[in-house]
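Here is a brief report on one protein model.

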Amino acid sequence: MEMKTFSKWLKENCNCEMPKGDIDAEWFISKGLPMVVECTCCQMTMALPSAYIDGNDNIYCSACAKE
């Protein structure tokens, strides 16, 4: 299954771009997105911008996504 970076997933599914630099919590709130997510495979927590997302919208860390 193809893994996408969160940035690519956001552009394709929400039709918006990731802000550059530091991202304010208000940005996540305004989009209805969590700031911290858990890997579907190993349960490691990470900041959403560092996550990988599969075609079923499951979230993975870079190690489990094999990136």
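The largest nonpolar core has 19 residues, and those with the most contacts inside it are Phe6, Leu10, Trp27, Leu33, Met46 and Leu48. H1, H2, S4 and strand S5 (59-60) each supply at least two residues of this core. H1 gives the most, with 3 residues. A nonpolar core here is a set of buried Ala, Val, Leu, Ile, Met, Phe, Trp, Tyr and Cys residues joined through side-chain atoms within 4.5 Å. Buried means under 20% relative accessible area, exposed means over 50%, and partly exposed lies in between (1.4 Å probe, protein chains only). Helices (H or I, at least four residues) and strands (E, at least two) are DSSP runs, numbered from the N terminus.

This is a predicted model: local features need pLDDT of at least 70, side-chain atom pairs count only at pLDDT 80 or more, and totals for chains, interfaces and linings use all residues. Residues are numbered from 1 along each chain as its sequence is written, and side-chain values use heavy atoms, with hydrogens and water left out.

**Helix H1**

H1 spans residues 6-14, and Phe6, Trp9 and Leu10 are buried in it. Seen down the axis of H1, its buried residues fall within an arc of 100°, so they line one face of the helix. The arc is that of the directions from the helix axis to the C-beta atoms. What covers these residues? The cover includes strand S1 (4-5), H2 and strand S4 (52-53). Just after H1, asparagine 15 takes a positive phi of about 55°.

**Aromatic pairs**

The count comes to 2 aromatic pairs. Rings of Phe, Tyr and Trp (its six-membered ring) pair if their centres lie within 6.5 Å; planes under 30 degrees apart count as stacked, over 60 as edge-to-face and the rest as tilted. Phenylalanine 6 and tryptophan 9 are stacked, at 5.9 Å centre to centre with 25° between the planes. These two sit 3 residues apart in helix H1, so about one helical turn separates them. Phenylalanine 6 is buried at a relative accessible area of 1%, and tryptophan 9 is buried at 14%. Tryptophan 27 and phenylalanine 28 pair edge-to-face, at 5.1 Å centre to centre with 85° between the planes. Both tryptophan 27 and phenylalanine 28 are buried.

**Salt bridges**

There are 3 salt bridges. The rule asks for a side-chain nitrogen of Lys or Arg within 4 Å of a carboxyl oxygen of Asp or Glu.

| Salt bridge | N to O distance |
|---|---|
| Glutamate 2 and lysine 8 | 3.9 Å |
| Glutamate 12 and lysine 4 | 2.4 Å |
| Lysine 11 and glutamate 17 | 3.1 Å |

Glutamate 2 is exposed, at 51% relative accessibility. Glutamate 12 is partly exposed at 44%, and lysine 4 is partly exposed at 21%. Lysine 11 is also partly exposed, at 49%.

**Cysteines**

How many disulfides are there? The count comes to 0 disulfides. A disulfide is a pair of cysteine sulfur atoms within 2.5 Å. The sulfur of cysteine 39 is 3.8 Å from the closest cysteine sulfur, in cysteine 64, so it is too far for a bond. Cysteine 39 is buried, at 1% relative accessibility. For cysteine 42, the closest cysteine sulfur is in cysteine 61, at 3.8 Å, again too far for a bond. Cysteine 42 is partly exposed, with a relative accessible area of 37%.

**Two methionines**

Methionine 35 lies in the loop between helix H2 (25-31) and strand S2 (36-38). Methionine 35 is partly exposed, at 40% relative accessibility. Contact means heavy atoms within 4.5 Å. Not counting residues up to four places away in sequence, methionine 35 touches Ala25, Phe28, Met46, Ala47 and Leu48. Methionine 35 and proline 49 are 14 residues apart in sequence and 8.1 Å apart in space, C-alpha to C-alpha. Methionine 46, with neighbours within four places left aside, has contacts including Met35, Val36, Cys39, Ile59 and Tyr60.

**Positive phi in loops**

Glutamine 43 sits in the loop between S2 and strand S3 (45-47). Its phi is near 65°, a positive value in a residue other than glycine. Glutamine 43 is partly exposed, at 44%. Aspartate 57 is in the loop between S4 and S5. The phi of aspartate 57 is near 65°, again positive in a residue other than glycine. Aspartate 57 is partly exposed, at 46% relative accessibility.
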